[in-house]
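Student: I have a structure to go through today. Walk me through it, please.
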Protein chains: 2
Amino acid sequence: MEGKPQVEIYDTTLRDGAQMEGVNFSLQDKLRITEKLDEMGFHYIEGGWPGANPKDVAFFREVRKLPLKHAKICAFGSTRRADSAVEEDRNIRLLLESEAPVVTIFGKSWTLHVTEALKTTLDENLRMIEDSVSYLRKQGREVIYDAEHFFDGYKADPEYALKTLQVAWEAGARILVLCDTNGGTLPHEVEEVMKVVRERLGKGVPLGIHAHNDSGVAVANSIAAVRMGAVQVQGTVNGYGERCGNANLCTVIPNLWFKMGVASIPEDRIRKLFELSHFVSEIANLRHDDYQPYVGRSAFTHKGGVHASAILRHPATYEHVPPEAVGNQRRILVSDQSGKSNIVYRAKEMGVDLDPKDPRVDALVQKIKEAENFGYQFEGADASFEILLRETLGEKVKFFDLESFRVIVEKRKEENTVTEATVKIRVDEDVVHTVAEGDGPVHALDNALRKALERLYPALKRIRLSDYKVRVLSEKEGTAAKIRVLIQSTDGERVWGTVGVSTNIIEASWEALADSVRYGLWRKLRREK
Amino acid sequence: MEGKPQVEIYDTTLRDGAQMEGVNFSLQDKLRITEKLDEMGFHYIEGGWPGANPKDVAFFREVRKLPLKHAKICAFGSTRRADSAVEEDRNIRLLLESEAPVVTIFGKSWTLHVTEALKTTLDENLRMIEDSVSYLRKQGREVIYDAEHFFDGYKADPEYALKTLQVAWEAGARILVLCDTNGGTLPHEVEEVMKVVRERLGKGVPLGIHAHNDSGVAVANSIAAVRMGAVQVQGTVNGYGERCGNANLCTVIPNLWFKMGVASIPEDRIRKLFELSHFVSEIANLRHDDYQPYVGRSAFTHKGGVHASAILRHPATYEHVPPEAVGNQRRILVSDQSGKSNIVYRAKEMGVDLDPKDPRVDALVQKIKEAENFGYQFEGADASFEILLRETLGEKVKFFDLESFRVIVEKRKEENTVTEATVKIRVDEDVVHTVAEGDGPVHALDNALRKALERLYPALKRIRLSDYKVRVLSEKEGTAAKIRVLIQSTDGERVWGTVGVSTNIIEASWEALADSVRYGLWRKLRREK
């Protein structure tokens, strides 16, 4: 990265990210994320706001015990209160007590906020910025100044907004970060405003950017600021943050590196962005966004037949960067728009070499088309596809055959609903007949099937269902419509999907369930060979 | 909007949007979305690619029967094949047979694609563009030319890329649309390239933009193009599209209008963007993205205490536009103030005047909060909400009480699945006990309930279920997760929605079913009074 321009990455997943609806990090969660961000080579990690959140006080105590190699930990807080001494300010005291080496102080840039939210004078606000920054500097802390609502403030009163920056700089802030707190600013406005700021403050004053995504342009605003000379980008992993989120660092970092030649975290860590992104969504207990740029499961997924055949010949035809560059991978989906080349490619991924001229490929294409016409969809059901493929080629993947099942759901007034399922299956020459209860019909069927197979295949204990989706295919017919069930399963190492279709939701669920178990067992036994 | 600059909105939700992993529109879905987009005042609706997808041929046949008021329907397809006559080209013939008044032809701008994907010469590619556009023009179609991979093509060989545009323009295309097909282009590159294109082609040639989101900047690229003079923006509702999606029109349209003063759809329709966005995600059966700019459920949600108190005094302090401007609403997670006024407002819509100080309103707020915590959602279930409201106020809407039900689903190898439901209900002093079969458990329950009530309430014959939707709420628990069922019913005059929630899908379906019948009967009897 020598010779390349370089920006610092300032992560606020633990503070601004935690403001997102549905996110609630425990202390342990925050510490685990901190370790991961440090491994990734992030420069700054904002741990929290000790003045606003008692949990954050504990974080700063515990984080000192972590052997971090790279990142500096930052404590976040506001300027001192109006009309009071900085030495006696509770918020400022808590920032010092956090013992964080870096303190990020946010101050008001927008006159509306000074008069309406703080209810103080414009002059007092300037003194609040000056006192807070210089006091923290005197206590030996590195101070980052976050100019809250800078762009809105600039639009309302440019001279005042510029004055707040000047005051923070002269009081000793190491860097001034322009915040688009409400997320309403567009990239060309960021460029215009930054141009003026650089002219007025001089090129020697380092600037940063903190963008929110309310207009869908947080990433664009961040890279626009870097083009105008910003040397720090604040954002969050996966763009988590209040309302519509913050600038997504998993998008900003590769955009800077691959498209603008601007370095940030070490290049070998960029290959771990996929892992980081999924790690943080797991900890936040949020479904990962499949469509997220670079790191989403669908980001390098090709569905159309035209695209699929071109990409096999020359990946750059439909990929802006190689998926491996961020740790992701290419996927080719089988869908009703896909032809032979998709199927040959998918088979290859599964370790099966198919000659496109092999008549069995035509048989397979035919089978898939018929299944899709009936309502099957293999996009989310790679395992059902693989079972179909291998069985068509003559391999035995179905471990058992269904003899019969019966599900009874019974509800009596003011009593809990009782659900019982019986399953009778044939495994080679054995017939196994079991019964089990469950929270609902599918759960009960799942329990009964496990009971039938676990004695023969203890590996089944490892396999569990991780998602269950139901889609009504033809709404016109109301409750008599055709139903598609998609099930996702995992053995802790790998995830696979299966599908079932029927007018009867129980039968559709059984199909997907049976395929899920078959695939899991087949895979396990094959690896043991 | 007089005097304001204006751009056309070209929607490709039905074609590029359908390329998204997990999206699979039925013919009915596509027709319903078309009607909605037309109501919204969109200018162009791309219906599909008749050459690639037989389902799309049916769409163009059926869409001619819809009484559209505003939008023009477009058929999408490629230029003619290499080394063949345009009159004999199957793809071109299908475009004409679609009878769509507008044909959108995409051609290759990137030399790599001409030689590697088409495997033809650069000259032949130019003739393919020329022949295809001029032939379609001669057949009386409006032709939109999509310059595929234009930005990548321009980077590789600017003169050739410009030449393809020139050829398409001279052959009679009405507008030239620059496509960032791989989504790898950044906003400043869009600006630079568009500047050259305008200089070289002249200001009289109308240009459009078609952006993909692989770098997280599709919205920014679209508005950058408009700033450089583009008069058409192509995109999709919710940004659906292949890989990471297309430019999100639900973000582009309000950005243009509120922030740049550029008109597109009529201003009163901008207030319906929230509704449109949720409608399309419902039809696609995709979870709506809570964090989506403007139209996400969290887009105007305030979590922190600091923000919440400021916002009550002065909304602009933390909101970039008023939520009502796009049909969304402010939510403050710490206060039940907004909940109360919401309920009073909704009751009024149903003809019930409530005093906010009435203690029954507090009871109702409490009940709704508990229900929503449990997983109920009344947005798509107006009838369940009204039943809750009226019962809380002392009105009798529930015509019957459940004594018990039992559902049996039985499957034997190679036989059809048999489903039987028994229902025992109390209507005043009568106990009615019935049994019925059905295609699936919910259908059988529906049949048994009707059998029990039709003798007493012949009006029930008119009521039928028109939609049935299932959503799994907590994916972590697999088949033991909580499930929400939404049922839509109609009596031929009006449509209403009901909801049920349980870990047992049968119980959840029963709840929604019972509410559906109760509401339909109550409404019928009230009108007869």
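Student: How many strands make the closed barrel of chain B, and in which sense do they pair?
Tutor: There are 8, in the order β1-β2-β3-β4-β5-β6-β7-β8, and the pairing is parallel. Strands (E, at least two residues) and helices (H or I, at least four) are DSSP runs, numbered from the N terminus. Two strands pair if DSSP finds at least two bridges between them.
Student: Before I go on, what are the ground rules?
Tutor: This is a predicted model, where local features need pLDDT of at least 70, side-chain atom pairs count only at pLDDT 80 or more, and totals for chains, interfaces and linings use all residues. Residues are numbered from 1 along each chain as its sequence is written, chains are lettered from A and ligands numbered from 1 in the order in which they are written, and side-chain values use heavy atoms, with hydrogens and water left out.
Student: How many bridges hold β7(B) and β8(B)?
Tutor: 3, in the parallel sense, between residues 207-211 and residues 232-235 of chain B. B:His210 sits opposite B:Gln234 of β8(B).
Student: Which helix lies across β7(B)?
Tutor: Helix α8 of chain B, residues 187-201. It lies across β6 (175-180) as well, and runs at about 155° to β7(B).
Student: Which strands are in the open sheet of chain B?
Tutor: β14-β15-β16, in that order, with antiparallel pairing.
Student: How many bridges join β15(B) to β16(B)?
Tutor: 8, with β15 covering residues 483-490. B:Ile483 has B:Ser502 as its bridge partner in β16(B).
Student: Now chain A. At what angle do α1(A) and α12(A) pack?
Tutor: About 175°, with axes 11 Å apart; α1 is residues 27-39 and α12 is residues 273-284. So α1(A) is roughly antiparallel to α12(A), a label for angles over 145 degrees.
Student: Which residues of α1(A) make the contact?
Tutor: A:Asp29, A:Arg32, A:Ile33, A:Lys36 and A:Leu37. From α12(A), the partners include A:Phe279 and A:Ile283. Contact means heavy atoms within 4.5 Å.
Student: What about the hairpin of β12(A) and β13(A): which residue has a positive phi?
Tutor: A:Asp428, near 50°, in a hairpin with 2 residues between the strands. The strands, 418-427 and 430-437, are antiparallel and joined by 8 bridges. A:Ile425 is opposite A:Val432 of β13(A).
Student: What does UniProt list for residues 7-271 of chain A?
Tutor: An unreviewed entry there gives "domain: Pyruvate carboxyltransferase". Over those residues the chain is 44% helix and 17% strand, with end C-alpha atoms 18 Å apart.

Technical notes
Axes fitted to C-alpha atoms, helices over the stretch in contact; angles between N-to-C directions. Parallel < 35°, antiparallel > 145°, perpendicular 65-115°, else oblique. UniProt positions renumbered as here; feature names shortened; annotations may be inferred.
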